[in-house]
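Student: I have a structure open and would like to go through its contacts with you. May we begin with the charged side chains?

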Amino acid sequence: MISKIQHYQVGMHATRLSEDLQREIWGFAQAVIDELDHGCADNRMKYWKSRLTLSVEHAKARGMDAEEIAHQCELTLCTRRGTKPMPVDSLSRIESYLQTQGVPAKLLSDSPAGAVAPLHSR
């Protein structure tokens, strides 16, 4: 029996990887914010750290370079959507964790006026 050949659109896998990364970084960011507000259990933080780590490793294994992974994280957390700002200490914790994963994300702005990224919900 011959199986049907599936044709994928160019960039389809990259789009799915990007969506996965954005979902995982957003979940991790929410856990970090909640942990700082003492509303996050340790197991929830561990869960999102492991999900983000697996997603980053998967993206790297599929050929996405660290700069593109960083770009996806920056898009997720630093895009203005007209909502309340994300705390700077949360961004610095997320940025530090990403850097331990080999992702050179730059979530904090060098300018004092843009030092806080907006928090948005999906």
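Student: How many salt bridges are there by the rule?

Tutor: The count comes to five salt bridges, a salt bridge being a side-chain nitrogen of Lys or Arg within 4 Å of a carboxyl oxygen of Asp or Glu. Please note that this is a predicted model, in which local features need pLDDT of at least 70 and side-chain atom pairs count only at pLDDT 80 or more, while totals for chains, interfaces and linings use all residues. Residues are numbered from 1 along each chain as its sequence is written, and side-chain values use heavy atoms, with hydrogens and water left out.

Student: Which residue does Asp20 form a salt bridge with?

Tutor: The partner of Asp20 is Arg23, and their closest N and O atoms are 2.5 Å apart. Both residues belong to helix α1, where they are three residues apart, about one turn of the helix. Helices here are DSSP runs (H or I, at least four residues), numbered from the N terminus.

Student: What about Glu24, which side chains does it meet in a salt bridge?

Tutor: Glu24 meets Arg23 in a salt bridge at 3.9 Å, N to O. Glu24 also meets Arg51 in a salt bridge, at 2.6 Å. Arg51 lies in helix α2 (residues 42-61) and Glu24 in helix α1, so this pair ties together parts that are 27 residues apart in sequence. Through shared partners, salt bridges join Asp20, Arg23, Glu24 and Arg51 into one network.

Student: How accessible are Glu24 and Arg51?

Tutor: Glu24 is buried, with a relative accessible area of 4%, whereas Arg51 is partly exposed at 30%.

Student: Changing topic: how many aromatic pairs does a search of the whole structure find?

Tutor: The search finds two aromatic pairs. Rings of Phe, Tyr and Trp (its six-membered ring) pair if their centres lie within 6.5 Å; planes under 30 degrees apart count as stacked, over 60 as edge-to-face and the rest as tilted. One of the pairs is Phe28 with Tyr97, which is tilted, at 5.1 Å centre to centre and 40° between the planes.

Student: Where do Phe28 and Tyr97 lie?

Tutor: Phe28 lies in helix α1 and Tyr97 in helix α4 (residues 88-100), so the pair ties together parts that are 69 residues apart in sequence. Both residues are buried.

Student: And what sort of pair do Tyr47 and Trp48 make?

Tutor: Their ring centres are 5.2 Å apart and their planes stand at 80°, so the pair is edge-to-face. Tyr47 is partly exposed at 39% relative accessibility, but Trp48 is buried at 17%.

Student: One more: which residues does Ala31 touch?

Tutor: Not counting residues up to four places away in sequence, Ala31 touches Cys40, Arg44, Met45 and Trp48; contact means heavy atoms within 4.5 Å. Ala31 lies in helix α1 (residues 12-36) and counts as buried, at 0% relative accessibility.

Key:
Helices (H or I, at least four residues) and strands (E, at least two) are DSSP runs, numbered from the N terminus. Buried means under 20% relative accessible area, exposed over 50%, partly exposed in between (1.4 Å probe, protein chains only).
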